[in-house]
Amino acid sequence: MKTNLPRCLTLALFALATLITAPLSANPLKLINVADNVYALIGPMEQRSPTNLANNANFGFIVSDQGVLLIDSGGTLAGAKDIESHIRTITDKPVTLVINTGGQDHRWFGNSYFSARGADTLTSMQTQTDQATRGDNQSGSTSRLTGDSWQGTTPQPAQQAITEKQSITFGVTEIQIIPVGPAHTGGETLVWLPQHKILFSGDTVYLDRMLGVGSQSQHLSWLAAFATIEALNPTTIVPGHGMPADLSKAQKETRDYLQLLRTEVAQLIEAGADMEDATLIDQSAYSYLKVYKSLHKRNALRVYEEMEWE
Ligand SMILES: [Zn+2]
């Protein structure tokens, strides 16, 4: 005769396991298994806050028999621990290597946490320089935005840097680390998995939310970096922000958007219009993207500013 007890016990154990592995933040990362041994952690798309721990971006990890390779380490110490808690739902292996795709806070502010536990930290030379140059400034703004969640965060630039493409084998996974120069920041670095045709693009690709052309960005070089991605012909892109998707969506929401601004600004400059007129450029085709309202005018101004000097 069947009894309900084993099922009750199973449910109770499951509930307990869920509690133990529950992430610390109120705005948890979403874990997606994108290929054998390869995972993406998808972060929220809004501004940094005490509850999202400045993990308002995407991360990734690759598991081998020896350990875990982590792509980007989180925006605060608490953010690094939150990423680790998600890794723990898959494996008990330690993080042995961290690759930073960029110099923006959430790409590397968790480095010191993993480094203290034995991980190597690696990026490209340009990304490392960007981290060292803008670290203090970013610490100021990220600490203000994250409040108490900032506690104990010690930004530490990646300790190893490459100057050209490097291939490594991590367990059964082939990985290429590809420096692509300035784009959203002063130096972006791609992580390409040729066996799976999966790209972790960092902030060279934004999906579902409006990309940011900030004072640290270089949009012309960004388009060149995007051309490198097109040459790889990825099947899946895990973007810096937004849900994983195919190349055509990235072309539309990152490449074509930058090209639209460029074309429109060129016409304004040709017609002798003022910089302020760039804010009137019709960008409504992209108004469905998250944070469109807060970024689209600033993006146009920044592209104008850059193109004046071309
Ligand atoms: Zn970012």
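Are Gln104 and Asp203 buried or exposed? Gln104 is buried, and Asp203 is too (buried means under 20% relative accessible area, exposed over 50%, partly exposed in between, with a 1.4 Å probe and protein chains only). Keep in mind that this is a predicted model, where local features need pLDDT of at least 70, side-chain atom pairs count only at pLDDT 80 or more, and totals for chains, interfaces and linings use all residues. Residues are numbered from 1 along each chain as its sequence is written, and side-chain values use heavy atoms, leaving out hydrogens and water.

**View 1. The zinc ion and its protein donors.** Gln104 (OE1), His106 (NE2), Asp203 (OD) and His241 (NE2) sit 2.2 to 2.6 Å from the zinc ion (donors are N, O and S atoms within 2.8 Å of the metal, or 3.2 Å for Na, K and Ca; water is not among the atoms, so sites may look incomplete). Along the chain, the donor spacing reads Q-x1-H-x96-D-x37-H. Gln104 is in the loop between strand S5 (95-99) and helix H3 (105-108), while Asp203 is in strand S11 (residues 198-206), so the pair ties together parts that are 99 residues apart in sequence. Helices (H or I, at least four residues) and strands (E, at least two) are DSSP runs, numbered from the N terminus.

**View 2. The largest nonpolar core.** Such a core is a set of buried Ala, Val, Leu, Ile, Met, Phe, Trp, Tyr and Cys residues joined through side-chain atoms within 4.5 Å. This one has 38 residues, and Ile229 is one of those touching the most other members. H7 gives the largest share, 7 residues.

**View 3. Around Ile229.** Leaving aside residues up to four places away in sequence, Ile229 touches Leu190, Leu199, Ser201, Thr204, Val205, Pro234, Ile237 and Leu247 (contact means heavy atoms within 4.5 Å).
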